[in-house]
Amino acid sequence: MPNQDPAQRRVVVTGPPRRARRSPGHHRPRTEIDEQTTLGHTYVRSLMRTQLRAALTALAVLGLLVGPLPLLFAAAPGARRLEWAVLGFGLYLPLVLIARWYVRRAERNERDLVRLVEDR
């Protein structure tokens with residue numbers, strides 16, 4: 001192999017591809033949210049809608065659980081201890097489970113939005 005002139009020598013650089021630069025007109029979703037553009041407003045409105053849906057679901061389950069209790073208590077007027085046992089102990093575990101489900105669902109909704117905004 002003959003000696004090559006340094007100006008004619010080619011160098012091949014290998015490595016992970018770099019991210020392509022975005023055009024100036026293209027904004028990231030986080031920027032859209034920060035600048036309160038229409039798209040950013042849509043992202044936030046979508047999160048609020050999913051959070052509201054989770055809250056209304058938890059409230060409906062709670063209403064179906066607690067709503068019939070006055071009718072149950074009216075049907076058995078002499079069972080005062082039963083009423084206090086149901087209100088004091090019987091509702092505790094379902095309330096905790098509903099609250100736990102709601103918190104996990106709300107956190108998952110927020111994680112989904114962050115994953116969308118991070119633009120991985």
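**Salt bridges and their setting**

A: Arg115 is partly exposed, its relative accessible area being 46%. This value comes from a predicted model, as do the others below. Its partner is Asp112: the two side chains meet in a salt bridge, with 3.4 Å from N to O. That distance counts because the cut-off for a salt bridge is within 4 Å. Asp112 is partly exposed as well, with a relative accessible area of 35%. Both residues belong to helix α5, and because they are three residues apart there, about one helical turn separates them. Helix α5 covers residues 92-118, and among the elements of the protein its mean pLDDT is the highest, at 92.

The count of salt bridges comes to two. The other one joins Glu83 to Arg80, with the closest N and O atoms 3.0 Å apart.

Glu83 is buried, at a relative accessible area of 11%, whereas Arg80 is exposed, at 55%. Glu83 is classed as buried because its 11% falls under the 20% limit. Arg80 is classed as exposed because its 55% is over the 50% limit.

What does Glu83 touch, leaving aside residues up to four places away in sequence? Phe73 and Ala76 are its contacts on that basis.

In the model, the chain over residues 82-103 is 95% helix and 0% strand, with its end C-alpha atoms 31 Å apart. Residues 54-76 come to 87% helix and 0% strand, with 34 Å between the end C-alpha atoms.

Leu52, Leu56 and Leu59 make a nonpolar surface patch of about 300 Å². Leu59 lies in helix α2 (residues 38-66). It is counted as exposed because its relative accessibility is 53%.

For the chain as a whole, the protein has five helices and zero strands. The order along the sequence is α-α-α-α-α. Buried residues, Glu83 being one of them, make up 14% of the 120 residues. The accessible surface is about 10,500 Å², and carbon and sulfur atoms account for 61% of that area. Of the contacts between residues at least 6 apart in sequence, 71% join residues at least 24 apart.

The average pLDDT of the protein is 82, and 77% of the residues score at least 70. Helix α1 (residues 29-34) has the lowest mean among the elements, 64, against the 92 of helix α5, the helix that holds the pair of Arg115 and Asp112.

Terms used. Residues numbered from 1 in each chain as written. Predicted model: local features only at pLDDT ≥ 70, side-chain atom pairs only at ≥ 80, totals over all residues. Heavy atoms only, no water. pLDDT = per-residue confidence, 0-100. Helix = DSSP H or I, 4+ residues; strand = E, 2+ residues; numbered from the N terminus. Buried < 20%, exposed > 50% of the residue type's maximum accessible area, 1.4 Å probe, protein only. Patch = residues over 30% accessible without salt bridge, like charges linked within 9 Å, V, L, I, M, F, W, Y side chains within 5 Å. Areas by Shrake-Rupley, 256 points an atom, 1.4 Å probe, with all protein chains shown as cover. Contact = heavy atoms within 4.5 Å.
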